[in-house]
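Hi everyone, thanks for coming. Let's take a few minutes to look at one helix and its neighbours together.

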Amino acid sequence: MALHFAKRITEYKLAKELFTRGKDIILSPEAQVLKTFTQHGETTVFEHCLSVAKFSLLMAHFLERTLKISIDKDSLVRGALLHDYFLYDWHDKTVPGRRVHGFTHPTTARKNAERDFNINDLEKDIISKHMFPVTPFPPMHRESVIVNLADKWCALCETFKVDVSSYIIYRVNFNIALAEGEYSIDYGETKAEY
Ligand SMILES: [Fe+2]
Ligand SMILES: [Fe+2]
C-alpha cells in the first residue's frame, strides 16, 4: 500500500514536470495527430512518446541526484516527445518506403519537428539518433543517450503489453482537457445561509 502510494506520488510529480516542460508540444494540434497512429501493440504514438519522456525524466533525475550529472531536462522532454514525430502509419507496408521505416523515420521525424516546432540542436540530435544502433550515427549528447535507452525500454514493454505508463498518460490527457476547457467546476446553487 505504502509502495503503491509512493509510486503514485512519483508519477504525479513526473506528470506535472513532463507537462510543464513539454506544454507547447503536448497542447499543439500537431501533436494531437500522434493519437491517431498506433506505435507498438495497442499503444498510440502519442502515448509512446509520453512514456519515453517519462522514463527519460526518471533517468535524468537519477543521474542528477546520484552521480551529479547535469541534464538539460527541457530539451530532454521536448526531444522525447518529438522523437517519433514521423506522422504516418508505419504498419501500412503497401506504401513505398514503409519497409525501411526503422532506418528512415528518425530523419523524417526530425524534419517534421523542425517544420512544426522551434527545436534546438540538442533536440534535433535526440530525435535523429534515437534508433542507434539500427541507424549508424551514435548519440552525441547524454540527453540523446537517455532517450535512446528509454525508447527501447518502452518499446519492449508496449510490445509485451506491460503497463508502465497508464497513470502518466491519464494525467497528461486530463491536463490537456483542462487546458482546452473541457472540464469546469459547477458548484450549483446553494441554500446555505451565511
Ligand atoms: Fe522511433
Ligand atoms: Fe520511439
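**Helix α8 and its neighbours**

The buried residues of α8 pack against α4 (45-66), α5 (73-82) and α7 (121-128). Contact here means C-beta atoms, placed from the backbone, within 7 Å. Helices are DSSP runs of H or I, at least four residues, numbered from the N terminus.

Before going on, a word on the source: this is a predicted model, where local features need pLDDT of at least 70, side-chain atom pairs count only at pLDDT 80 or more, and totals for chains, interfaces and linings use all residues. Residues are numbered from 1 along each chain as its sequence is written, with chains lettered from A and ligands numbered from 1 in the order in which they are written.

So which residues of α8 are buried? Among them are Ile 146, Val 147, Ala 150 and Cys 154. Buried means 20 or more other C-beta atoms within 10 Å of the residue's own; exposed means 12 or fewer, and partly exposed is in between.

Now look at α7 and α8: their axes, lines fitted to C-alpha atoms over the stretch in contact, come within 9 Å and cross at roughly 35°; that angle runs between N-to-C directions, on a scale from 0 to 180 degrees. Leu 122, Asp 125 and Ile 126 of α7 meet Glu 143, Ser 144 and Val 147 of α8.

Over in helix α4 sits Glu 64. This residue is partly exposed, because 13 other C-beta atoms lie within 10 Å. Leaving out residues up to four places away in sequence, Glu 64 touches Ile 69, Ser 70 and Ile 71.

Finally, after α8 comes Lys 161, with a positive phi near 55°.

Methods:
Helices (H or I, at least four residues) and strands (E, at least two) are DSSP runs, numbered from the N terminus. Two residues are in contact if their C-beta atoms, placed from the backbone, lie within 7 Å.
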